[in-house]
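Have a look at the model, then read on.

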Amino acid sequence: MKKVRLGSGAGYAGDRIEPAIELLEKGNLDYIIFECLAERTIALGQRDKEKDATKGYNQLIEYRMKKVLPLLKEKKVKMITNMGSANPEEAGMITASLAKELGIEGLKIVTVSGDDILPRIENYYENPILEMEKKLSDMKEEIISANAYMGCEGILKALELGADIVITGRVSDPALTIAPLVYEFGWNLENNPKEMGQCVLAGHLLECAGQVTGGYYADPGYKNIDRLEYLGFPLVEIDETGEFIVTKVEGSGGMVAVDICKEQVIYEIHNPKRYLTPDAIADFSQVQFIQEGVDRVKVMNANSVGKPENLKVSVGYKDCYIGTGEISYGGSNSLERARMAADIVRKRLEIIKAEVEELRIDYIGYNSLYQGKETLKRYQSFPEIRLRVCGRTKDIENARLIGNEVETLYTNGPAGGAGVTKTVEDVVSICSIFVPREAVQYQLKVLEV
């Protein structure tokens, strides 16, 4: 029976490279995917592209490609990645140039674009924003990007054209895995709803790389995972039935186990019975995981029912500036000194008439994660407290005032403050709308080395 082996080379934009190299060297792979787009990533890429039209792709693409291109050629592994971000065409040209520098020939690189609907965003100003009680037109002046989550069609076509490397912009995370499986097995929703459900599930388990090999599962003394510094990234081995095994390279760190897979399967899904992706509405409610051996989990019984009529669009917009100042207090009475410092900063911002829309005070080590609950109230003293003052403003000048006032605590009291840091962040946020599926069409560009 035909089998396909796919590995996950990255689970987010800045992921480490060694596990991907390990998979290429030892994983006996047919495909490797690099999933590098979080919700805001492409909006940040668009901001980079505005400043320089040759930018906007994942900033590690050159570093990664230099490491993996020779191995892709040597091991005859195809690579699929969304590292193109806001500029897949430029990412493709960079990859082709690097291949030439490395003396690699006989390589076909195909870029997939079409997700960027910003040039016609005015067509959707009347669409409701999913996360807010307003229409998109209410924030049209702040919009900087609009990218639809495309499905596997463009990647599939690239593979049909003989692509060795496929570089996309915004596609759904599972699409990176769905495309090669549909290509290899010829599946479709009409004839293969169970197999398509399994495709989505395989992509969902692979998309965050080290999460499903124990990285995000680890909790010492409760859920122990060994050798996380050598964490191996996952691979799936799938056959014509759609059932698959999740595993990793023998000898790598981490673990593949039923409970870890169960945690990952409910990650970022709103409804296990109707997990909406561009390629299929997946049903994970009957999924079974079986431990077949050390670091080998069999996965079965996912299903699917049709596909959504609309596609989700992530709209990036200029939100605000956040000014932050931090200072540490140690020893006896450190919490009370930090509270005094916070009160001083709050009053100082009023005195200088800083225009702050929202101010947040955190006492790191006491309540920074659970502000308002003060879960450690029973303790009378703390060995150290780090005060963090954050403010949301409309302009950079007011944001700077927040960190400056924290810094002045050095000599203006209370006693013992040290280790001041201050930052200003230009915040890009995202919101979402739906657009008709037919409004988004993929485009391909073929490069040959």
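**Strand and helix briefing**

Ten bridges tie S14 to strand S16 (residues 384-393), and the two run antiparallel. Here strands (E, at least two residues) and helices (H or I, at least four) are DSSP runs, numbered from the N terminus, and two strands pair if DSSP finds at least two bridges between them. A heads-up on provenance: this is a predicted model, where local features need pLDDT of at least 70, side-chain atom pairs count only at pLDDT 80 or more, and totals for chains, interfaces and linings use all residues. Residues are numbered from 1 along each chain as its sequence is written, and side-chain values use heavy atoms, with hydrogens and water left out.

**The whole chain**
- The protein chain has eleven helices and 18 strands.
- Its C-alpha trace spans about 75 × 55 × 45 Å along the principal axes.

**Around S14**

**The ten-strand sheet**
- This open sheet has mixed pairing and runs in the order S11-S12-S8-S7-S1-S2-S3-S6-S4-S18.
- Strand S11 (288-293) and strand S18 (443-448) sit at the edges with a single partner strand each, so one side of each has no neighbour in the sheet.
- On average, neighbouring strands of this sheet are turned by 20 degrees against each other, direction ignored.
- Six bridges pair S18 with strand S4 (residues 108-113) in the antiparallel sense, and Lys108 stands opposite Glu448 in S18.
- H7 lies across S1, S2, S7, S8, S11 and S12, at about 15 degrees to S8; axes are lines fitted to C-alpha atoms, for helices over the stretch in contact, and angles run from 0 to 180 degrees between N-to-C directions.

**The three-strand sheet**
- S9-S10-S13 is the order of this open, antiparallel sheet.
- Strand S9 (275-276) and strand S13 (303-304) are the edges, each with a single partner strand, so one side of each lacks a neighbour in the sheet.
- Two bridges link S9 to strand S10 (residues 281-283), with Leu276 partnered by Ile281 in S10.

**Helix packing**
- Helix H7 (residues 193-206) and helix H8 (residues 258-265) pack at about 100 degrees, their axes 9 Å apart.
- That makes H7 and H8 roughly perpendicular (65 to 115 degrees; under 35 is roughly parallel, over 145 roughly antiparallel and the rest oblique).
- Leu201, His204 and Leu205 in H7 meet Cys261, Gln264 and Val265 in H8, where contact means heavy atoms within 4.5 Å.
- By class, the H7-H8 contact has four nonpolar, two polar and no charged residues (Ala, Val, Leu, Ile, Met, Phe, Trp, Tyr, Cys and Pro count as nonpolar, Asp, Glu, Lys and Arg as charged, and the others, Gly among them, as polar).
- The axes of helix H9 (residues 334-351) and helix H10 (residues 396-407) come within 10 Å and cross at roughly 130 degrees, so H9 is oblique to H10.
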